Amino acid sequence: MGYANGLLCPQGKQPLLSFGIISDVQYADIPDGCSFLGVPRYYRHSICVLQRAVQRWNQEKPKFVLHFGDIVDGFCPKDQSMIAVKKIVDEFDKFDGPVYHMIGNHCLYNLPRDKLLPLLRIPGHDGRAYFDFSPIPEYRFVILDGYDISAIGWPEDHPNTLKALKVLQERNPNSDKNSPNGLVGLERRFLKFNGGVGKEQLEWLDHVLQEATELNQNVVVCCHLPLDPGASSFAALLWNYDEVLDVIHRYSCVKVCLGGHAHKGGQSVDSHGVHHRVLEAALECPPGTDAFGHIDAFNDRLSLFGNDRMKSSEMVFGH
Ligand SMILES: Nc1ccn([C@@H]2O[C@H](COP(=O)(O)O)[C@@H](O)[C@H]2O)c(=O)n1
Ligand SMILES: O=P(O)(O)OC[C@H](O)CO
């Protein structure tokens with residue numbers, strides 16, 4: 001399955017697995033607008049990007065599809081949140097196979113976790129949205145919940161809300177906790193629209209990676225929030241990206257981390273040879289343009305075939 005943006009399949013090699021990718025559809029039935037920093041956002045057009053993606057995936061037949069979060073935008077009128085989420089889920093359901101969703105901040109602006117998770121069919125427990133699956137024996141996918149510790153999405157008196165407010169209070173002196181004003185370098189990540197991975201989830205991650213190591217599996221870690229400063233603006237990073245990387249780096253099974261949220265996309269290889277790829281957002285595609293793709297997984301690499309604004313990447317495993 002090779003197409004678009006110039007990447008060719010390694011000659012004569014069949015992938016072990018292919019999967020479709022798209023991020024930040026962030027749909028709303030509202031006129032075009034822009035981000036706080038003035039980057040245009042095409043709220044109605046993003047569903048067209050998704051429709052073209054599904055059409056393509058149904059021709060190419062990847063085994064499953066991953067959406068990296070922010071299914072609808074925070075500006076969606078709140079009395080339409082449920083309808084908007086269902087509308088986009090219905091479009092994803094036109095793909096002839098399983099679709100796995102991650103939660104993003106914009107999902108949580110629209111709906112609380114108890115409503116959101118069933119709609120997105122996220123197999124968490126107690127409102128947690130982390131899980132793993134192994135579509136073939138050689139590979140395991142780990143989906144992290146980057147808003148586990150978050151000031152959005154949990155009830156106001158939930159311990160995770162209180163923990164998040166404490167983090168923001170300690171690390172961000174601005175009254176608007178979404179503002180990075182005065183925060184320097186990596187400290188710019190301590191914003192309300194980001195979040196963190198809690199202790200229980202870190203322990204779960206450690207356990208999953210231990211099991212994957214025993215099974216000799218390659219692991220792909222997925223999270224709405226980017227995990228490596230080299231692949232993202234500092235203001236988009238997971239609060240405790242360093243703690244998550246510490247766990248990941250204890251093992252050599254994690255080959256690639258994939259994320260969304262930082263809409264222009266990014267790519268890096270970290271100090272332990274793990275690839276990080278942040279996906280370009282569907283929301284920021286001007287009408288008629290696209291950002292989606294698929295990834296072919298081999299024993300020694302992931303090959304990302306991006307469409308249009310989504311860049312292609314070859315991620316050869318370093319260990
Ligand atoms: N440099 C910035 C960026 C953002 N904010 C605040 O975050 C909100 C969301 O930003 P978007 O990029 O998603 O539009 C925005 O409304 C601001 O409150 C900021 O203060 N400074
Ligand atoms: O999708 P948003 O509106 O949360 O924007 C995220 C920012 O691009 C992160 O820097």
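Reader: Let's start with Leu238. Which residues is Leu238 in contact with, leaving aside neighbours within four places in sequence?
Author: Leu238 is in contact with Gly146, Asn194, Gly196, Val197, Cys223, Leu225, Pro226, Leu227 and Val244. Contact here means that two C-beta atoms, placed from the backbone, lie within 7 Å.

Reader: What should I know about the model and the numbering?
Author: This is a predicted model, where local features need pLDDT of at least 70, side-chain atom pairs count only at pLDDT 80 or more, and totals for chains, interfaces and linings use all residues. Residues are numbered from 1 along each chain as its sequence is written, while chains are lettered from A and ligands numbered from 1 in the order in which they are written.

Reader: Back to the core. Which residues touch the most other members of the largest nonpolar core?
Author: Leu238 is one of them, along with Val72, Ile88, Val142, Val221, Cys222 and Ala282. That core has 95 residues. A nonpolar core is a set of buried Ala, Val, Leu, Ile, Met, Phe, Trp, Tyr and Cys residues joined through C-beta atoms within 7 Å.

Reader: And what counts as buried?
Author: A residue is buried if 20 or more other C-beta atoms lie within 10 Å of its own, exposed if 12 or fewer, and partly exposed in between, with C-beta atoms placed from the backbone.

Reader: New topic. Which residues are around ligand 2?
Author: Asp70, Asn105, His106, Phe193, Ser233, Ala235, Ala236, His261, Ala262 and His263. Each has its C-beta atom, placed from the backbone, within 6 Å of the ligand. The shell has four nonpolar, five polar and one charged residues. Ala, Val, Leu, Ile, Met, Phe, Trp, Tyr, Cys and Pro count as nonpolar, Asp, Glu, Lys and Arg as charged, and the others, Gly among them, as polar.

Reader: What about ligand 1? Which residues are around it?
Author: Ser35, Phe36, Leu37, Asp176, Asn178, Ser179, Pro180 and Phe193. By class, that is four nonpolar, three polar and one charged.

Reader: Where is Asp70 placed?
Author: Asp70 is in the loop between strand E4 (64-67) and helix H2 (81-93). Helices (H or I, at least four residues) and strands (E, at least two) are DSSP runs, numbered from the N terminus. Asp70 has a positive phi of about 65 degrees, though it is not a glycine. Most residues other than glycine have a negative phi.

Reader: Why does Asp70 count as buried?
Author: Because 29 other C-beta atoms lie within 10 Å of Asp70.

Reader: And His261? Where does it lie?
Author: His261 lies in the loop between strand E9 (254-259) and strand E10 (266-269). The phi of His261 is positive too, about 75 degrees. His261 counts as buried, with 29 C-beta neighbours inside 10 Å.

Reader: On to the strands. How many residues of E12 are buried?
Author: Seven of its seven. Ala291, Gly293, Ile295 and Ala297 are on one side of E12, with Phe292, His294 and Asp296 on the other. Side chains in a regular strand alternate between the two faces of the sheet.

Reader: What does E12 (residues 291-297) pair with?
Author: E12 pairs with E13 in the antiparallel sense, over seven bridges. Pairing needs at least two DSSP bridges between two strands. A hairpin of three residues joins E12 to E13. Phe292 stands opposite Asn307, and Ala297 has Leu302 as its bridge partner. Strand E1 (residues 17-22) also runs antiparallel to E12, joined by five bridges. There, Ile21 partners Gly293.

Reader: And how covered is E13?
Author: Mostly: in E13 (residues 301-308), seven of eight residues are buried. E13 also pairs with strand E14 (residues 313-316), antiparallel, over four bridges. Four residues lie between E13 and E14 in that hairpin. Arg301 stands opposite Val316.

Reader: Last one. What domain does UniProt list for residues 19-264?
Author: The unreviewed UniProt entry lists "Calcineurin-like phosphoesterase" there. UniProt positions are in the numbering used here, feature names are shortened, and annotations may be inferred rather than shown by experiment. In the model, that span is 32% helix and 15% strand. Its end C-alpha atoms lie 21 Å apart.
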